[in-house]
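Please examine the sequence and the three-dimensional structure shown below. The briefing that follows describes them topic by topic.

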Amino acid sequence: MTKAQLVKAVSKETGIDGKTTEYILDTAIDTIKNSIINGDNVTLRLFGTFARQHRKAKIGRNITLNTAVEIPAHYVPRFKPASEFANAVASGE
């Protein structure tokens with residue numbers, strides 16, 4: 001599902017026009033991103049938790065040049081689905 005399809009589906013379900021729905025969706029996504037960037041977790045009950053996860057520095061390999069490359073420590077976004085959501089996906093509901 002693309003963003004446009006999501007906006008259309010939410011707009012149809014709620015009866016709110018598409019432009020307003022897109023604005024609300026964009027605002028929600030920006031709020032989630034900014035919260036994670038600032039180190040806060042975002043938990044959506046029955047859906048899951050968005051968080052920022054730290055990755056330690058490590059040594060990788062450039063297989064083309066056969067050399068070692070240092071990968072610095074960094075943060076990555078992480079999503080952990082709620083058990084209800086994970087179970088629904090697993091059972092195909």
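A residue is called buried when its relative accessible area is under 20%, exposed when it is over 50%, and partly exposed in between, using a 1.4 Å probe and protein chains only. The model is predicted, so local features need pLDDT of at least 70 and side-chain atom pairs count only at pLDDT 80 or more, while totals for chains, interfaces and linings use all residues. Residues are numbered from 1 along each chain as its sequence is written, and side-chain values use heavy atoms, with hydrogens and water left out.

**Overall fold**

- The protein chain contains three helices and five strands; helices (H or I, at least four residues) and strands (E, at least two) are DSSP runs, numbered from the N terminus.
- In sequence order, these elements follow the pattern α-α-β-β-β-β-β-α.
- The protein chain is more spread out than a compact globule, because its radius of gyration is 19 Å, well over the 12 Å that the globule rule gives for 93 residues.
- This radius is taken over C-alpha atoms, and the globule rule is 2.2 Å times the number of residues to the power 0.38.
- The C-alpha trace of the protein chain spans about 55 × 35 × 30 Å along its principal axes.

**Surface and contacts**

- Of the 93 residues in the protein chain, 13% are buried.
- The accessible surface of the protein chain is about 7600 Å², and 57% of it belongs to carbon and sulfur atoms; the areas come from the Shrake-Rupley method with a 1.4 Å probe, and for residues only the protein chains shown count as cover.
- Among contacts (heavy atoms within 4.5 Å) with a separation of 6 or more, 27% involve residues 24 or more positions apart.

**Charges and salt bridges**

- The protein chain carries 13 positive and 9 negative side chains, and the centres of the two sets are 9 Å apart.
- In this count Lys and Arg are positive and Asp and Glu are negative, whereas His and the chain ends are not counted; each charge is placed at NZ of Lys, CZ of Arg, CG of Asp or CD of Glu.
- Side chains of opposite charge can pair when their charged atoms come close.
- The structure holds three salt bridges, each defined as a side-chain nitrogen of Lys or Arg within 4 Å of a carboxyl oxygen of Asp or Glu.
- One of them joins Glu-22 and Lys-3, at 3.8 Å from N to O.
- Glu-22 lies in helix 2 (residues 18–37) and Lys-3 in helix 1 (residues 3–14), so this pair ties together parts that are 19 residues apart in sequence.
- Lys-3 also forms a salt bridge with Asp-26, with the closest N and O atoms 2.5 Å apart.
- Because Lys-3 lies in helix 1 and Asp-26 in helix 2, the pair ties together parts that are 23 residues apart in sequence.
- Lys-3 is partly exposed at 39% relative accessibility, as are Glu-22 at 35% and Asp-26 at 26%.
- Another salt bridge links Lys-33 to Asp-30, with the closest N and O atoms 3.9 Å apart.
- Lys-33 and Asp-30 are three residues apart in helix 2, so about one helical turn separates them.

**Phe-79 and its surroundings**

- Phe-79 belongs to strand 5 (residues 74–81) and is partly exposed, at 32% relative accessibility.
- Beyond its neighbours within four places in sequence, Phe-79 is in contact with Phe-47, Gly-48, Thr-49, Phe-50 and Phe-85.
- Phe-79 and Ala-90 are 11 residues apart in sequence, and their C-alpha atoms are 17 Å apart in space.
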